[in-house]
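Trainee: I would like to go through this model one point at a time. Please show it first.

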Amino acid sequence: MDNFFQHKARKRFGQNFLIDETIIERIVRAIAPRASDRLVEIGPGQGAITELLLQHCPSLTAVELDRDLVPLLQFKFREYPQFQVIEQDALKFDFGSIAAQSALRIVGNLPYNISTPLLFHLLSFKGKVQDMHFMLQKEVVDRLSATPGTKSYGRLSVMAQYHCRVQGLFPVPARSFRPAPKVESAIVRLTPHSPPSCSAKDERLLGQIVNTAFQQRRKTLRNALKPLFPELEPESVPLDMSRRPETLSVGDFVQLANTCFERNS
Ligand code: SAM
């Protein structure tokens, strides 16, 4: 099989293939797949993680953009009738279309250049997702799991933590991949809140406020939000508007968004 297909890693697809068996086992142990799960793997590559996942759970849909890898995966896993590979851009894929009765468990050693837009795309299907385990650039994992007042805390932290419980699991050294990436990597688990821990009346407005606030993170909240709400009177908001955006918790942002929503409706 190894000689069936010699695949040269392609930079434009962010291909850094996992070659470290210990790390692959650790990832699969963290996922703890059960036979009844509905697994989805984004960017299976040459099937390094897929192979071990399938030993625990036969129902796996893989979404892979590189068309040259599709026949390799179909051949390699031909003995698993519930394995299917869809040649598609995960950024455009309708994950809802493959969610049946059981929620999806999504897995991926993601191409780092698309990880943030992909996370936001996936969050739009969160009602159909049980959990997600990703290999990401360590810096992105730090941002996802950051707490208020820290350097890494920003838009990504607030929006990810609004939708999900975020757990940074363990680092993965560059030598675990071929070719080795120039950045550090880490595994993160995202579990959509169910029910939501706090609820924004208008999630789009929450997103806009968080975006605008962190574009000017060193300003006071009042000044940072001026482009969005030029007329906003600080007294009408149940928060100290002289605070910096980076000190607000997720709950504070939701409270702010809900106040602005009520004022405008
Ligand atoms: N899972 C494999 C592993 O761990 O060895 C490969 C990981 S590699 C970092 C990223 C994989 O995502 C590659 O197979 C690449 O072709 C695929 N990929 C890149 N962009 C993609 C996209 N937009 N949608 C789906 N797959 C993509």
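Trainee: Is Leu 91 buried, partly exposed or exposed?
Mentor: This is a predicted model, in which local features need pLDDT of at least 70, side-chain atom pairs count only at pLDDT 80 or more, and totals for chains, interfaces and linings use all residues. Residues are numbered from 1 along each chain as its sequence is written. With C-beta atoms placed from the backbone, 20 or more others within 10 Å of a residue's own make it buried, 12 or fewer exposed, and anything in between partly exposed. Leu 91 has 14 other C-beta atoms within 10 Å, so Leu 91 is partly exposed.

Trainee: Which residues is Leu 91 in contact with, leaving aside neighbours within four places in sequence?
Mentor: Leu 91 sits in the loop between β4 (83-87) and β5 (104-109); strands are DSSP runs (E, at least two residues) and helices likewise (H or I, at least four), numbered from the N terminus. Contact requires C-beta atoms, placed from the backbone, within 7 Å. With those neighbours set aside, the partners of Leu 91 are Ile 114, Pro 117, Leu 118 and His 121.

Trainee: What does Ala 257 contact beyond four places in sequence?
Mentor: Leaving aside neighbours within four places, its contacts are Ala 200, Asp 202, Leu 205, Leu 206 and Ile 209.

Notes. Contact = placed C-beta atoms within 7 Å.
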